[in-house]
Amino acid sequence: MPPKAKPRSTDNNSSKTPLVLAVVILGAALLYLNFTQYPSASTAPLHSEPKGSREERTYSQTKVEGSIFVTDPVLVGYQRALTEMAGNLSLARTPNEEKWGIFLTKLFFDRRFPAKIWEKKPFLVRNLTWFVETLKIDEISEVYEGSELTASFANFLAKKGADSLTSSGTESELTREFIENLDTTFAINRAMSLFPEIRDISYLWTMMSGIYSNINVYVTPEGIGQSAPPHNDRQNVFILQSSGTKRWRLYEPTIRLPSRGQIRGKTGDAIPASELEDKFVAEVTLYPGDLLYIPRGMIHATFSDNSSPEAPESHKGFSIHYTVGLETETLAYTYESILGCAAGISKSQELILAVQRLAGSNPDFRRSIEFGFLGLKHTNFEEVRDAEPFLIHELDKVAEKIVRHTVRLAEIVENEEKTKFAEGSIFNALQLWLNTYKERVLFMNEQLLRAWDLPKKERQGYLGNILGETNTHLFKNCGINLSDFN
C-alpha cells in the first residue's frame with residue numbers, strides 16, 4: 001500500500017519493499033469479498049461529521065437528479081453498484097488506501113468499464129467520502145508559506161472572460177490572504193510532489209491501473225462564474241471533488257482521441273460557440289466525494305457558482321478538486337506507438353511515415369491499448385499471455401486490432417516493406433513495448449517516492465524530466481529517435 005504520510009515538518013520518505021503491491025491487492029481482495037458485512041449506506045449512521053453526513057448526501061442527491069449520463073441498463077446497474085459500494089466503504093473503519101484498493105479493483109477490472117466507458121463516454125460515481133477535505137486551503141498555503149516555493153510553482157488559469165486556457169505564474173508568496181483574493185483558478189501541477197496525501201493517491205492509482213497517474217490540484221474561489229473555458233485534454237482524467245462544488249459542462253469531442261498538435265481551447269486557440277452548438281452532452285455539479293471520468297478528448301468547461309444558502313458548509317467556499325490523469329497517449333500507450341515501434345524494428349522509414357499519416361487522420365490508430373491490459377500483478381508480456389481469461393481476452397483483442405491496422409498500412413507501402421512487417425516485427429514490437437512500458441511505469445512510481453528526498457522546489461521538475469525521459473526510452477528500444485516519430 002502507499003507510504004503513510006509523515007508529519008509535514010519532514011520531506012523524507014521511508015523506502016518501499018517489493019511486497020507493497022501484493023499487500024495492497026491482498027487487502028483489497030479480502031475486503032472486497034467481505035464488504036457486504038458493512039451496513040447499508042442508506043440506513044447506517046456515519047462515523048464522522050460533517051464528512052458524508054446525511055444532510056450533505058441528501059442535498060447532493062436532490063441537486064443532481066437526472067445528471068448521471070448513462071441510459072444503458074447494463075451501465076445503470078454498474079453505476080449503482082459502484083455508488084453503493086462507495087457508500088458502504090465510506091462507512092467502514094478501514095484505512096483509506098484499502099478503500100481505494102477495493103473501489104479501484106471494481107472500477108478497473110469489471111469488463112463493463114473498458115468495453116463501454118473507457119475513451120467513449122463520461123461516467124459519474126458518488127459517495128466516495130473518504131477523500132473529502134483531505135486537502136484544505138490552510139494546508140496548501142502552509143506548504144508554500146515560508147518555504148523556497150513561490151506562487152510561480154502554480155499555474156493561474158483563465159481570468160474572467162477569457163475564451164481559452166492560459167497559464168501564468170507570480171513570484172508572490174502563496175499565502176492564505178493571497179489565495180482568498182484570487183479571481184481565477186490556480187492549478188498545482190504534479191501535486192503529488194508537494195502533498196503526502198496526493199502522493200499516496202497517485203502511487204496507488206498507478207499500481208492499480210498499470211498506467212502512470214499524474215495528479216494536479218485545482219483551487220477555485222466561489223462565485224467567479226466560468227472558471228475554465230471549453231477545452232480538451234490528451235489524458236483520460238478522473239475528477240475527484242474534495243471540497244466545495246464545481247459545475248461541469250461536457251461536449252462531444254471536436255477531434256476524437258487527440259494527440260500531439262490536436263489540443264483545443266488552450267493558449268489562444270479558443271473553441272467558437274458555433275462548433276459546440278450540436279455537441280452538448282450533459283451538465284453536472286460535483287459535490288465533495290464525487291468522482292467524474294472524462295474521456296480523452298471530450299470538450300469540457302467548468303463554472304464556480306455561488307453556493308445555495310441551504311447547502312452544507314463543506315459545499316461552500318473554495319472548490320478544491322484533484323484531476324487524476326492517466327498518461328496514455330502522453331506516454332505512448334497507443335496502437336500508433338506499437339505500430340511505430342514495429343516500423344522501427346523493421347528499420348523502415350516508409351513504414352514510420354505511414355504510421356504517422358494514418359494516426360493523424362484515423363482516430364482508431366490513436367486509441368489507447370485496452371484498459372487494464374497490463375494487469376495488476378503481471379509484470380511482463382509472458383505473464384500477461386499466460387494469465388487468467390480476462391487478460392487473455394484483452395491480448396487477443398489487441399492482436400486482432402494490430403493485424404487490422406497492419407493491413408491498412410500495407411495498402412500504402414511498397415511490397416518490400418510489407419515483407420518486413422510479415423517477418424514478425426509486429427508481435428516482437430508488442431512484446432517489447434508492453435514489457436518496456438510496464439518496467440518504466442514501475443520505475444516512475446519509484447521515482448515519485450525518491451523525489452521526496454529532494455528539496456521541494458526541485459521535485460516537480462524532477463518528475464517532469466522522468467516523464468519526458470520515459471518516452472525517449474520507449475522509442476529508443478525500438479530503434480526510433482523520438483524527435484523523428486513526433
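I start with helix α8: its 14 residues, at 1.5 Å a residue, should span 20 Å, and its end C-alpha atoms are 20 Å apart, which agrees. The expected span here is 1.5 Å times one less than the number of residues in the helix. Helices (H or I, at least four residues) and strands (E, at least two) are DSSP runs, numbered from the N terminus.

Before going on, the ground rules. This is a predicted model, in which local features need pLDDT of at least 70 and side-chain atom pairs count only at pLDDT 80 or more, while totals for chains, interfaces and linings use all residues. Residues are numbered from 1 along each chain as its sequence is written, and side-chain values use heavy atoms, with hydrogens and water left out.

Back to α8. Of its 14 residues, 13 are buried, so the helix is largely enclosed by the rest of the structure. Buried means under 20% relative accessible area, exposed means over 50%, and partly exposed is in between, with a 1.4 Å probe and protein chains only. After α8 comes G210, with a positive phi near 80 degrees.

What does α8 (residues 196-209) pack with? Helix α4 (residues 96-109) packs with α8 at an angle of about 35 degrees, their axes being 10 Å apart. Axes are lines fitted to C-alpha atoms, for helices over the stretch in contact, and angles run from 0 to 180 degrees between N-to-C directions. The crossing of α4 and α8 is right-handed. From α4, the contact is made by E97, W100, G101, L104, T105, F108 and F109; from α8, by I201, L204, W205, M208 and S209. Contact means heavy atoms within 4.5 Å. On handedness, a crossing is left-handed if the near helix is turned anticlockwise from the far one by less than a right angle, and right-handed if clockwise.

Another helix is α11 (residues 349-361). At 1.5 Å a residue, its 13 residues should span 18 Å, and the end C-alpha atoms are 19 Å apart, which agrees. The buried residues of α11 are L351, I352, A354, V355, L358 and A359. Seen down the axis of α11, they fall within an arc of 160 degrees, so they line one face of the helix. The arc is taken from the directions from the helix axis to the C-beta atoms.

Next, the sheet. It is open, has 4 strands in the order β6-β11-β8-β9, and its pairing is antiparallel. β6 and β9 (280-286) are at the edges with a single partner strand each, so one side of each has no neighbour in the sheet. On average, neighbouring strands of this sheet are turned by 15 degrees against each other, direction ignored. Two strands count as paired if DSSP finds at least two bridges between them.

How many bridges join β11 to β6 (residues 225-231)? There are 4, and the two strands run antiparallel. In that pair, G225 stands opposite S304 of β11. β8 (residues 246-251) is joined to β11 by 5 bridges, again antiparallel. There, R249 has A301 of β11 as its bridge partner.

Is β11 (residues 299-304) enclosed or open to the outside? 6 of its 6 residues are buried, so the strand is largely enclosed by the rest of the structure. In a regular strand the side chains alternate between the two faces of the sheet. In β11 both faces are covered, with I299, A301 and F303 buried on one side and H300, T302 and S304 buried on the other.

Now some single residues. E133, in the loop between β1 (123-125) and α6 (137-144), has a positive phi near 55 degrees and is not a glycine. A332 also is not a glycine and has a positive phi, of about 60 degrees. A332 lies in the loop between β12 (319-326) and α10 (335-345), and counts as buried at 4% relative accessibility.

S259 is in the loop between β8 and α9 (273-276), and is buried, with a relative accessible area of 7%. Which residues does S259 contact, leaving aside its neighbours within four places in sequence? They are R234, E329 and R366.

Q460, in helix α16 (residues 456-476), counts as buried at 10% relative accessibility. The C-alpha atoms of Q460 and S193 are separated by 6.0 Å, although the two residues are 267 residues apart along the chain.

Last, the totals. The chain has 17 helices and 12 strands. Of its 486 residues, 58% count as buried. Among contacts with a separation of 6 or more, 83% are between residues 24 or more positions apart.
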